[in-house]
Amino acid sequence: MSEEPRRRRAPAMSPEDRREAIVQATLPLVVKSGANVTTSQIAAAAGIAEGTVFRVFKDKAELLDAVIERALLSDDEVAAINAVPSGLALQQRLVVAVSSVLGYLDRMWGVMGALRESGWHPDHDDKTKHKGPPEGMQRISTAVAGIFGDAEMRTTPEHAARLLLGFVFTNRLQGKGFGETTVDPEHLVELFLHGALKPGGKDV
């Protein structure tokens, strides 16, 4: 009778991969519970023992700081914007870009808002203070400027990108309790490119 083959243990994660896995598991829990999330909940979501959390992070405060840093990181969004096929029409390319921007804003505001509502104040530390837009948003702005490419414009691609992001940012902010708004990327891009007036309509 042949013996059953032994199960091979999964390869151990590198410290960097383990850290990233814990942060990724923690991020949605923070959006839901803010700073009230427990390390036991985090460990369960990450599929690890609770003690492993404290072998990677000295305490929960350090983990929450890492979650904030991850929420502000825009690598995925920048990659998505840079990967938009150049063969698409400008309006279609901008729709893809705006969709990525909205995802970034929702993640960033979801984390920061939940932490503050639960009594956590990350601004106590100079490392979490930002003068001007976060670096992640600046990188997104540069990527969006590249979308405009060689289009004939009344301003520079960089200025157009900042205007578009300001429009998206303000519109999304208003969606959190300040009257009517639209978060539909197609509608936002159409309004930005062609304005609020209907083509051929009366300009009063």
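**Helix packing and the nonpolar core**

Trainee: Which residues in H8 meet which residues in H9?

Mentor: From H8, take Ala160, Leu163, Leu164, Phe167, Val168 and Asn171. They meet Leu188, Leu191 and Phe192 in H9. Keep in mind that this is a predicted model.

Trainee: How does the contact of H8 with H9 split by class?

Mentor: Eight residues are nonpolar and one is polar. No charged residues take part in the contact of H8 with H9.

Trainee: And at what angle do H8 and H9 pack?

Mentor: About 135°, with the axes 11 Å apart. An angle over 145 would count as roughly antiparallel. H8 and H9 are therefore oblique to each other.

Trainee: Is the crossing of H8 and H9 left-handed or right-handed?

Mentor: H8 passes H9 in a right-handed crossing.

Trainee: Let me step back. How many helices and strands does the chain have?

Mentor: Nine helices and zero strands. Along the sequence, the pattern reads α-α-α-α-α-α-α-α-α.

Trainee: What share of the chain is buried?

Mentor: Buried residues are 36% of the 204 in the chain.

Trainee: And what share of the contacts is between residues 24 or more positions apart?

Mentor: Counting contacts in the chain with a separation of 6 or more, 69%.

Trainee: Now the core. Which residues of the largest nonpolar core touch the most other members?

Mentor: Leu63, Leu105, Val111, Leu115, Ile140, Val144 and Val168. That core holds 49 residues. Elements giving it two or more residues are H1 (15-33), H2 (39-46), H4, H5 (75-82), H6, H7 (135-148), H8 (157-174) and H9 (185-194).

Trainee: Which helix gives the most to this core?

Mentor: H6, with 13 residues.

Trainee: Leu115 was on your list. What does Leu115 touch?

Mentor: Skip residues up to four places away in sequence. Then Leu115 touches Val30, Gly34, Ala35, Leu64, Ile68 and Trp120.

Trainee: So how do H4 and H6 pack?

Mentor: H4 covers residues 60-72. The angle between H4 and H6 is about 155°, and their axes are 8 Å apart. Anything over 145 counts as roughly antiparallel. That is why H4 and H6 are called roughly antiparallel to each other. Their crossing is left-handed.

Trainee: Which residues make that contact of H4 and H6?

Mentor: On the H4 side, Leu64, Val67, Ile68, Arg70, Ala71 and Leu72. On the H6 side, Tyr104, Arg107, Met108, Val111, Met112 and Leu115. By class, the contact of H4 with H6 has 10 nonpolar residues, no polar ones and two charged ones.

Trainee: Change of topic: serines. Where is Ser100, and is Ser100 buried or exposed?

Mentor: Ser100 is in H6, residues 90-117. Its relative accessible area is 14%. Under 20% counts as buried, so Ser100 is buried.

Trainee: What is Ser100 in contact with?

Mentor: Glu77, Ala80 and Ile81, leaving aside neighbours within four places in sequence.

Trainee: And Ser33? Where is Ser33 found?

Mentor: In helix H1. Ser33 has 26% relative accessibility, so Ser33 counts as partly exposed. The buried cut-off is under 20%.

Trainee: How far apart are Ser33 and Val111 in space?

Mentor: 9.6 Å, C-alpha to C-alpha. In sequence, Ser33 and Val111 are 78 residues apart. Val111 is the residue you met in the contact of H4 and H6.

Conventions
Residues numbered from 1 in each chain as written. Predicted model: local features only at pLDDT ≥ 70, side-chain atom pairs only at ≥ 80, totals over all residues. Heavy atoms only, no water. Helix = DSSP H or I, 4+ residues; strand = E, 2+ residues; numbered from the N terminus. Buried < 20%, exposed > 50% of the residue type's maximum accessible area, 1.4 Å probe, protein only. Contact = heavy atoms within 4.5 Å. Axes fitted to C-alpha atoms, helices over the stretch in contact; angles between N-to-C directions. Parallel < 35°, antiparallel > 145°, perpendicular 65-115°, else oblique. Left-handed = near helix turned anticlockwise from the far one by under 90°. Nonpolar A, V, L, I, M, F, W, Y, C, P; charged D, E, K, R; others polar. Core = buried A, V, L, I, M, F, W, Y, C linked by side-chain atoms within 4.5 Å.
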